[in-house]
Amino acid sequence: MLIFATMNHFFNHTLRLWALFLLMAVQATSVSAARRNQVKQPKQQQQEADSVRLWRVYMDSLQQVHDSIFNAPVAVQPHDTRFYRLFAPLTFYHQPMANLLDLEDSLQLYNGVASVDSEVENTLFHVYLQRPDLVCNNETQLRKSGALVKSSEKPIKQKMKLTEHTATLPEEPSVAPVGLVITKPNFWSFSGDQSLQFMQNFVSDNWYKGGESNYSMVGSVTLNANYNNKQKLKFDNKLELKLGFQTSRGDTVHKFKTNNDLIRYTGKIGVQAAKRWYYSLQMLAYTQFTQGLKSNDHYVYSDFMSPFNLNFGIGMEYSVQTKSNKLSGSVNLSLLSFNFRYVDRKELAPRYSIKGNHRTREDFGSQVTVDLNWKVSNNVNWRTRFYTYTTYENVLMEWENTISLTVSKYISANIFLYPRFDDSTARDEKLDYLQFKEYSALGFSYAF
């Protein structure tokens with residue numbers, strides 16, 4: 001369309017110029033004829049009429065040439081690549097200028113059909129004249145650049161293997177089966193820690209202040225098995241085992257004697273009453289492994305099941321748990337508590353407030369148990385237990401403190417502080433009813 005519009009505009013402009021020129025010539029001729037109208041001869045009038053007729057025939061001929069060029073159908077094939085030069089970046093081609101200089105090819109017709117190549121070249125020539133600033137390349141540079149892909153002269157042979165039958169692939173399901181395994185929830189949790197601590201003190205026989213050498217060892221095991229269904233019910237179990245021995249040169253009666261001896265079980269059943277409060281039933285049972293002795297003394301102060309204490313308490317328990325989990329534990333308050341005491345060695349019954357010819361003692365009262373664990377830092381941990389029981393006549397209070405200093409994963413140092421108050425025992429002249437025990441040790445430890 002751009003080609004035909006351009007050529008039509010150029011040809012009409014040319015025809016108008018020629019028509020204007022002829023019209024001016026005719027008007028000039030008519031004016032001269034009017035002035036000489038009186039002296040004209042019949043022969044001259046005939047010549048003027050022939051001139052006008054000739055002008056009209058010439059104009060008709062020009063119109064026929066115009067229609068034959070611009071109204072003739074142009075042979076355009078689908079996907080004709082000859083139009084590429086019109087839409088590619090504008091390039092100066094040599095052929096349009098060569099065709100312009102060839103008069104025979106300027107209006108070339110093929111069987112009444114205009115040549116597409118000539119129309120494209122004429123359009124390019126018009127653009128070269130009107131907008132030379134759009135030309136960004138020329139045909140000489142394109143020829144120097146060469147073709148993008150050089151065709152290979154050698155034919156390409158394809159290697160193909162034909163088979164008579166191809167096995168069909170098995171159809172795979174669009175959705176792969178998923179194995180769903182539902183496991184029963186486990187509400188039990190288990191934990192524990194073990195340690196083996198050593199202590200040593202050496203004093204020479206001639207030490208100016210006196211004293212004696214001693215060696216000691218303490219082993220402890222703590223096991224926890226707790227049940228919590230995350231709804232209303234929980235069941236806590238804790239077993240503590242401690243046994244330690246010492247030896248000293250000053251004791252000529254005993255080669256070994258215990259310095260730490262404990263078997264204690266604590267069990268609690270709780271039903272949730274509020275967010276952290278539980279209705280609880282607590283059972284506490286404790287005794288020791290072997291005989292309790294003193295240096296250079298044959299008297300046995302305690303033994304296995306002598307005494308044996310069993311305590312039941314009904315009350316409320318508060319669960320302690322901070323957001324950082326550094327402080328955890330529980331506080332048990334049993335307003336109604338029953339205590340049972342048994343002594344297997346009958347001669348020890350009076351020592352443990354059992355009167356008469358009996359081995360047992362029963363009484364009612366109230367008890368409070370506070371069990372906390374505070375992780376002070378990554379290497380320091382403080383575990384404390386406070387227990388008190390009263391019959392409103394006698395009071396028993398125990399406060400156990402264990403401070404653990406972690407040296408490495410398997411090595412730690414412990415400091416144990418244990419004050420105790422019991423007004424049911426014989427009164428001491430110096431400490432009254434107060435008792436105290438302390439030791440520090442270094443050894444191996446492992447927790448899970």
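**Figure 1. Cluster of aromatic rings.** In this predicted model, ring pairs join Phe 187, Trp 188, Phe 190, Tyr 227 and Phe 235 into a cluster. Rings of Phe, Tyr and Trp (its six-membered ring) pair if their centres lie within 6.5 Å; planes under 30 degrees apart count as stacked, over 60 as edge-to-face and the rest as tilted. The structure holds 13 aromatic pairs.

**Figure 2. Stacked pair of Tyr 410 and Tyr 446.** The ring centres of Tyr 410 and Tyr 446 are 6.2 Å apart and the planes meet at 20°, so the pair is stacked. Tyr 410 is in the loop between strand E14 (395-406) and strand E15 (411-422), and Tyr 446 is in strand E16 (residues 434-447), so the pair ties together parts that are 36 residues apart in sequence. Strands (E, at least two residues) and helices (H or I, at least four) are DSSP runs, numbered from the N terminus. Tyr 410 is partly exposed, with a relative accessible area of 43%, and Tyr 446 is partly exposed at 40%. Buried means under 20% relative accessible area, exposed over 50%, and partly exposed in between (1.4 Å probe, protein chains only).

**Figure 3. Edge-to-face pair of Phe 416 and Tyr 418.** With ring centres 5.9 Å apart and planes at 70°, Phe 416 and Tyr 418 form an edge-to-face pair. Both Phe 416 and Tyr 418 are buried.

**Figure 4. Surroundings of Glu 317 and Lys 234.** Glu 317 is in strand E10 (residues 308-321) and is buried, at 1% relative accessibility. The side chains of Glu 317 and Lys 234 make a polar contact of 3.2 Å. A polar contact is a pair of N or O atoms within 3.5 Å; within protein, one must be able to donate a hydrogen and the other to accept it, and residues adjacent in sequence count only if both atoms are side-chain atoms. Not counting residues up to four places away in sequence, Glu 317 touches several residues, among them Lys 268, Arg 276, Trp 277 and Tyr 278. Contact means heavy atoms within 4.5 Å. Lys 234 also lies over the face of Tyr 278, at 4.3 Å from the ring centre. A charge sits over a ring if NZ of Lys or CZ of Arg is within 6 Å of the ring centre and within 35 degrees of the ring normal.

**Figure 5. Lys 294 over Tyr 301.** Lys 294 lies over the face of Tyr 301, at 4.7 Å from the ring centre.

**Figure 6. Surroundings of Asn 259.** Asn 259 is in strand E8 (residues 257-272) and is buried, with a relative accessible area of 18%. A polar atom of the Asn 259 side chain lies 3.3 Å from the backbone nitrogen of Phe 245. Leaving aside neighbours within four places in sequence, the contacts of Asn 259 include Met 199, Ser 216, Gly 244 and Lys 437. The C-alpha atoms of Asn 259 and Tyr 439 are separated by 9.6 Å, although the two residues are 180 apart along the chain.

**Figure 7. Confidence along the chain.** The average pLDDT (the predictor's confidence in each residue, from 0 to 100) is 81, and 75% of the residues score at least 70. Over residues 1-6 the pLDDT is below 50, and this stretch has 10 contacts in the model beyond near neighbours in sequence.

**Notes to all figures.** Residues are numbered from 1 along each chain as its sequence is written, and side-chain values use heavy atoms, with hydrogens and water left out. Local features need pLDDT of at least 70 and side-chain atom pairs count only at pLDDT 80 or more, whereas totals for chains, interfaces and linings use all residues.
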